[in-house]
Amino acid sequence: MYASREDIGYDFGDDSKVGSPFIGLFISMCGCRKTAIIGGILNAVGWILSAYASNVHYLFLTFGVTAGVGSGMVYLPAVVMVGQYFQKRRALAQGLSTTGTGFGAFLMTALLKYLCTEFGWRNAMFIQGAISLNLCVCGALMRPLSPKDISEKYVVRSNSEDNQAKALSHSAETIKSNGVLSEEPEKKEEATNEEVLDSVQHIEIGGKSKSGRKMYGLRILKTVSQLTVTVRKGFAIWYSSYFGAASLFTNRVFVAFVIWALFAYSSFVIPFIHLPEIVKQYNLSSQNNIFPLTSIIAIVHIFGKVILGIISDLPCISTWNVFLMANFTLVTCILTLPLMQTYVSLAVVCGLIGFSSGYFSLMPVVTEDLVGTKHLANAYGIIICANGISALLGPPFAGWIYDITHKYDFSFYISGLLYMVGIIFLLVQPCIQKKQPREKSMEEAQV
């Protein structure tokens, strides 16, 4: 059952999703490259420590938490870096980058089965831990953009926004009206920090005539000062994004998006919990064994990410509209799946579920349109944290419904209705966007 969930492209464990806001703190302080490298090391350590497991509780800490958080520390920087590097075809770039999770799940599942057969599960975890160290190499390739590249990137973005006229092109201005981090305090803080570093450098120059021990101490002091400045600046950005006056939660459109995320994933996992039971109920096990329905979802899901990305990047198409249509298709399939009683009809519905769920690759693009590239790490961390909470609550909720009704159908119906509630919050998003500029103009008039 859980292998099927991985096949559809679960990017990392639910534990790492819940901890994503704190991963945003690492990105703010250390940058994407260092965060990804640390995540690769942590993921490898989690796999290796799991080889010594003697009970499930030990595996929960080593594999579920340690390896899971490490995977999240690689995934989130990868999403942020794609958003920074690509502006013309962001949706396609995100779609192509996230297809690796689907292909990787297929390949790694087969590899782990082979390793467990040949070497045993403990040695297989050791080998997987060594393979996971390649994530550090991938993280090292996340080269930060130079100031020149950043300026060129914003020129390209402004031109693309003028030409395409997307529905969310003005959403970034919404959060600014609600109090985005002011640049003046940051500039003052940077100036103060530069003065501290300059003073340390001046002291170091004067100490060249002294002993090498004192110079070594001054260099350590300089390094500690630079590290302190970086940590303070990163923590200030992270804290302001979540708890300050310029919090992301002051953006009503973004709050509506978070509420949608809380409802969406709890409904999405239901087919993978009860689909095998529905197959048994209609005596379709022989056909399902030849070509499992969950495999159909997994294969079509990979292509859905790419195709939806291509469609979203068309000049006359809005990414937001594609995102909404994919959500409507998915919730319709969830509601109608229990009505299908033949293998062919179930296969068609599962194919549509896999294709429409390709909107996962559009989530970073929509989030960036709402809050901007600067706050993408913290904002997307909140989104996938909401997804993680939803995914954790979904399976117990589905089991609770079955215990009450003794029918699997009601789990699909109730979860589909909850999904519709989340979509309603997305539909009111344009109304919120229109209301906020009016409130801003009234406040300016009063001033």
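Among contacts (heavy atoms within 4.5 Å) in the protein chain between residues at least 6 apart in sequence, 83% join residues at least 24 apart. The model is predicted: local features need pLDDT of at least 70 and side-chain atom pairs count only at pLDDT 80 or more, whereas totals for chains, interfaces and linings use all residues. Residues are numbered from 1 along each chain as its sequence is written, and side-chain values use heavy atoms, leaving out hydrogens and water.

The protein chain contains 21 helices and 0 strands; helices (H or I, at least four residues) and strands (E, at least two) are DSSP runs numbered from the N terminus. Of its 447 residues, 47% are buried, that is, under 20% relative accessible area with a 1.4 Å probe, protein chains only.

The largest nonpolar core has 72 residues. Such a core is a set of buried Ala, Val, Leu, Ile, Met, Phe, Trp, Tyr and Cys residues joined through side-chain atoms within 4.5 Å. W260, L293, F323, L337, Y359, Y380 and Y419 touch the most other members. Helix α19 (residues 376-405) gives the most to this core, with 10 residues. Beyond its neighbours within four places in sequence, Y380 contacts Y75, L76, V79, F360, M363, P364 and T367.

Helix α13 (residues 270-281) and helix α20 (residues 409-427) have axes that come within 10 Å and cross at roughly 160°; axes are lines fitted to C-alpha atoms over the stretch in contact, with angles from 0 to 180 degrees between N-to-C directions. α13 is therefore roughly antiparallel to α20, a term for angles over 145 degrees. I270, P271, H274 and I278 of α13 meet S411, F412 and S415 of α20 in this contact.

Definitions and conventions
Buried < 20%, exposed > 50% of the residue type's maximum accessible area, 1.4 Å probe, protein only. Parallel < 35°, antiparallel > 145°, perpendicular 65-115°, else oblique.
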